Amino acid sequence: MVDTFYAIGLVMRVCQFISLLELLHIYIGIESNHLFPRFLQLTERVVILFGVITSQEEIQEKYVVCVLFIFWNLLDMVRYTYSMLSVIGTSYAVLTWLSQTLWMPIYPLCVLAEAFTIYQSLPYFESFGTNATLPFDVSTYFPYVLKLYLIMLFIGMYFTYSHLYTERKDVLRVFSVKQKKM
């Protein structure tokens, strides 16, 4: 578990970078998801993976990185399989239900693991006195940015969770109607 980042960190960074294409797919209409909730979810991952884990070697050997990677990959395996089959017009009841339900316990656990990762990284960032350059050439103390991001992480989780829950009700309602017609 300690060597998780060293074993698959490069693959995770490449996959998360490629996952940004999902925003383009939504924007041009290949996928029918809403852009803002997906943007929030991908932003969470990019900030945590690139801004916190990749930039702090001490964090890379923490157990939370392994847990986080397991949660992310579990959700992505189901979500991307479901999305790919949906794009080509194929659906399976079990996969639809799993895609619309698995995130309910896992997504909040992901956010907690992401918050714990940030919490564990704060002493390292504070000891290095790391500054961050924000847009408009504003320089600030990076631990302050991370603390503010912790608050935003939970606010974003509320919006994303609410959206995904509403989407789940709609998809499962439509899917059950389609199943009854067949």
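Rings of Phe, Tyr and Trp (its six-membered ring) pair if their centres lie within 6.5 Å; planes under 30 degrees apart count as stacked, over 60 as edge-to-face and the rest as tilted. By that rule, the structure holds eight aromatic pairs. This is a predicted model, in which local features need pLDDT of at least 70, side-chain atom pairs count only at pLDDT 80 or more, and totals for chains, interfaces and linings use all residues. Residues are numbered from 1 along each chain as its sequence is written, and side-chain values use heavy atoms, with hydrogens and water left out.

**View 1. Trp103 and Tyr161 form an edge-to-face pair.** Their ring centres are 4.8 Å apart, and their planes stand at 75°. Trp103 lies in helix H7 (residues 103-128), and Tyr161 lies in helix H8 (residues 142-181). Helices (H or I, at least four residues) are DSSP runs, numbered from the N terminus. The pair ties together parts that are 58 residues apart in sequence. Trp103 is buried, at 6% relative accessibility. Tyr161 is partly exposed, at 26%. Buried means under 20% relative accessible area, exposed over 50%, and partly exposed in between (1.4 Å probe, protein chains only).

**View 2. Tyr141 and Tyr144 also pair edge-to-face.** The ring centres lie 5.0 Å apart, with the planes at 70°. Tyr141 is partly exposed, at 23% relative accessibility. Tyr144 is exposed, at 52%.

**View 3. Phe5, Tyr6, Phe69 and Trp72 form one aromatic cluster.** Trp72 also touches Arg45, the subject of the next view.

**View 4. Arg45 is a buried residue of helix H3.** Its relative accessible area is 2%. Not counting residues up to four places away in sequence, Arg45 touches Gln16, Phe50, Trp72, Leu75, Asp76 and Glu114. Contact means heavy atoms within 4.5 Å. Other buried residues of H3 include Pro37, Leu40, Ile48 and Val52.

**View 5. Helices H2 and H3 are roughly antiparallel.** The axes of H2 (residues 21-28) and H3 come within 10 Å and cross at roughly 175°. Axes are lines fitted to C-alpha atoms, for helices over the stretch in contact, and angles run from 0 to 180 degrees between N-to-C directions. Angles over 145 degrees count as roughly antiparallel. Glu22, Leu23 and Ile26 of H2 meet Leu35, Arg38, Phe39 and Leu42 of H3.

Technical notes
Helices (H or I, at least four residues) and strands (E, at least two) are DSSP runs, numbered from the N terminus. Angles under 35 degrees count as roughly parallel, over 145 as roughly antiparallel, 65 to 115 as roughly perpendicular and the rest as oblique.
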